[in-house]
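Please keep the sequence and the model in view while reading.

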Amino acid sequence: MKRRSFVLSGLGATGALLVGWGVMPMRSRMGGVDTMPVNDGQVGLNGWIKIAPDGTVMLAMPRSEMGQGVHTALAMLAAEELDVPMSKVTLVQAGHESLYGNVATLTDSMLPFHPTEREPGAETRTVRAAQWVVSKAVRELGVNITGGSSSVSDAWEVVRLAAATARAQLVNAASLQWKLPAAELAVNDGVVSHPSGPNGHYGQLAKMAAATPPGDVKTKDPGQWKLIGTPAPRTDLPAKVNGSARFGIDVREPGQVYAVVRHCPVLGGGIGRMNVDAAMRIPGVERVVRLPSYAGSTEGVAVIGRSSWHAKKGAQALDIEWRLPTAMVPDTKAIMATLEASAREAAKTHGGFGFYSRGDLKAAQQGAARSIEAVYRAPYLAHAPMEPINCTAQVKDGRVTVWASTQAPGMARALAAEVAQVPADAVTVHVTYLGGGFGRRLDVDFVGQAVRVAVEANGRPVQLLWPREEDITHDFYRPAGVAVMKAGFDAQGAVNSLQITSAGDAITPRWMERTLPQLTGPVDLPDRSTSDGLFDLPYGIANERIAHIATKSNVPIGFWRSVGHSHNAFFSESFIDEIAHESKQDPVAFRLALLKDMPRHAAVLKLAAEKASWGTPLPAGHARGVALHEAFGSIVAEVMEVSLANGAPRVHRVVCAADIGTVVNPGIVAQQMESCIVFGLTAALYGRIDIVNGAVQQTNFPNYPMLKLAQTPVIETHLVRSTRAPGGVGEPGVPPVAPALANALFALTGKRLRDLPLTLA
């Protein structure tokens, strides 16, 4: 479903009725989808909105809440157009219909090209045709995920129009019932009234509204907004404060038992001989279940117990002879060496898949008065969400019920059906709050495991748990990457060429193999996410070529917060700083000179520099660094103030400026930028996954540390006013963190750090 092409339909008390035709193209007026399920006197007005008898508005919620505030933001959109207070909007988990899918945004961002982007130099008709075949197929599957910072941008038009259509029906129903002109009716807090006296709340009008055409519908003009743009309180806060919020790990169902997973310690390995005697002698241990590979997981075993403690003790007591994989086991040192060699060779020959080119790079390089070259490296990273991986499942009477903190409920449902060998419509997925996702919960391997264990649990619900050590050592990691950067200068000292050649595993093909195997083929399409943040730089450099070498290691990889932007911004913005230094120019002034044709980017950079007092004196031993990056439709600049404490970086202040388009809730935007910065600092200072002989060396927070509260800097967020549709918020603040920090450390120490994590040793 594209954001500008969707169908609303109504199924009220009198049967099915298509609504919203006043704003729909003719082909969309002839069909649609059913409304939300109704009961207890509720009335469905379209696939997004239904009304309870007391006038409460019930909004279908297809997106997972993992701390990003999407449940509040989407409720604000509906409340705005329906003219009801937030307290009168409740959320109902959406179904699996394609109406709620967000795959247009997903596939457009994952696949290699988009028509609105600058034309890539190496594009072919074959690749473009293959791209849209895959895109169309994914759309038709009705995939619904929470990811890619797309939740608000996808909902921006459709939820507002659904709510505006419902409001028009309700007002028109009152007009017909009272025999008064609709133009003379007013709506306040969900009550329709006329100056002459008649009034009624939405619940009293809903039944008639379901059979009433809305007429021509348009959403409110910005000047009419009362909620959008305000820091409305988050709807999930009370439950998270008083402890009633239900995360996946909080699920407690009658008769529930527990299972704890133990995987082969070598990635891709399996189970050979196993002795369960010691485990089964532990009181409270009930059963041992072998787990094959589900959706890319490493083989393992689960122990069922009366409590999670019993299950964990049983899993630890198992005597297992692990079977090593037949393929070559991964080793990060060897992988990094291969990546660098591949990138260097491709840079020499102008090889790799060219995602973007302009001008005549070869001629510019041959005629350069001087040039600089550098190699940047980024390691594998784990997601490490605060809530460890878990899933509760029950298989009983031919039906499967799943309680999961997942970003992909439709994929969870499909895998559950496959494992339990039941039809998809026999599976119910309850999506709980997520205690962090960051892309890890776009994979559903743990759902397959939970259902497999539930098959052996005699109809009882089983909560499957991954200990923290299993989570970190069996993740789908952010891929490692290497970039060879080269810039040339003309005789006047101006930069006139830029060549970036990167290498690293392609994420999207590996993820699709696990989750959408019906769409994978023998040859990978070029994966745009590998080059995001490199091929679409905003700087006006006359001659460029941005290319990528897609590799395929045996390390399981997946989407990590901000995906390719997470490390590509470190590569590009650090090197832009190197170019500025070589040009003997101030880093901000240098960037602004290259942004003369990019006013949005320039405005964001200027705002960040102004609010950070760029160029003014700092205390002795302090320095500033800057980075600018666009990701997921939003532009973010960050200025970081740092010093050294016992030889290690100490970040004191981060000033963040952003143009995210229209701001729905500035409080949530500030929270998400703070979250991005803390997340990004953790990765920039500490994040690395090392694999030796196929085994991940980091196991828990002592050797995979997080940024501590005492280390967290003062963070300021400043927003550029914009009338554009909303861009992403949950991810765009991450990419500028590492380069801003690295650039600040260079300004402080004179040492250029080109490897993550950033260490001065």
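Predicted model: local features only at pLDDT ≥ 70, side-chain atom pairs only at ≥ 80, totals over all residues.

Which residues in helix 15 meet which residues in helix 16?

**Helix 15 and helix 16**
- On the side of helix 15, the residues in contact are Glu-573, Ile-576, Asp-577, Ile-579 and Ala-580, and they meet Pro-587, Phe-590 and Arg-591 in helix 16.
- By class, the residues of this contact comprise five nonpolar and three charged, with no polar ones.
- Helix 15 spans residues 565-582 and helix 16 spans residues 587-594; their axes come within 9 Å and cross at roughly 100 degrees.

**Strand 18 and strand 19**
- Strand 18 (residues 399-404) and strand 19 (residues 427-431) run parallel and are joined by five bridges.
- From strand 18, the chain reaches strand 19 by way of helix 11 (residues 409-420), in a right-handed β-α-β crossover.
- Within this pair, Val-429 in strand 19 has Val-402 opposite it.

**Leu-516**
- The loop between helix 14 (507-515) and strand 23 (543-551) contains Leu-516.
- Leu-516 counts as buried because its relative accessibility is 6%, and the cut-off for buried is under 20%.
- Leu-516 and Asp-690 are 174 residues apart along the chain, and a distance of 29 Å separates their C-alpha atoms.

Methods. Residues numbered from 1 in each chain as written. Heavy atoms only, no water. Axes fitted to C-alpha atoms, helices over the stretch in contact; angles between N-to-C directions. Helix = DSSP H or I, 4+ residues; strand = E, 2+ residues; numbered from the N terminus. Contact = heavy atoms within 4.5 Å. Nonpolar A, V, L, I, M, F, W, Y, C, P; charged D, E, K, R; others polar. Pairing = 2+ DSSP bridges. Right-handed = clockwise from strand over helix to strand, strands pointing away. Buried < 20%, exposed > 50% of the residue type's maximum accessible area, 1.4 Å probe, protein only.
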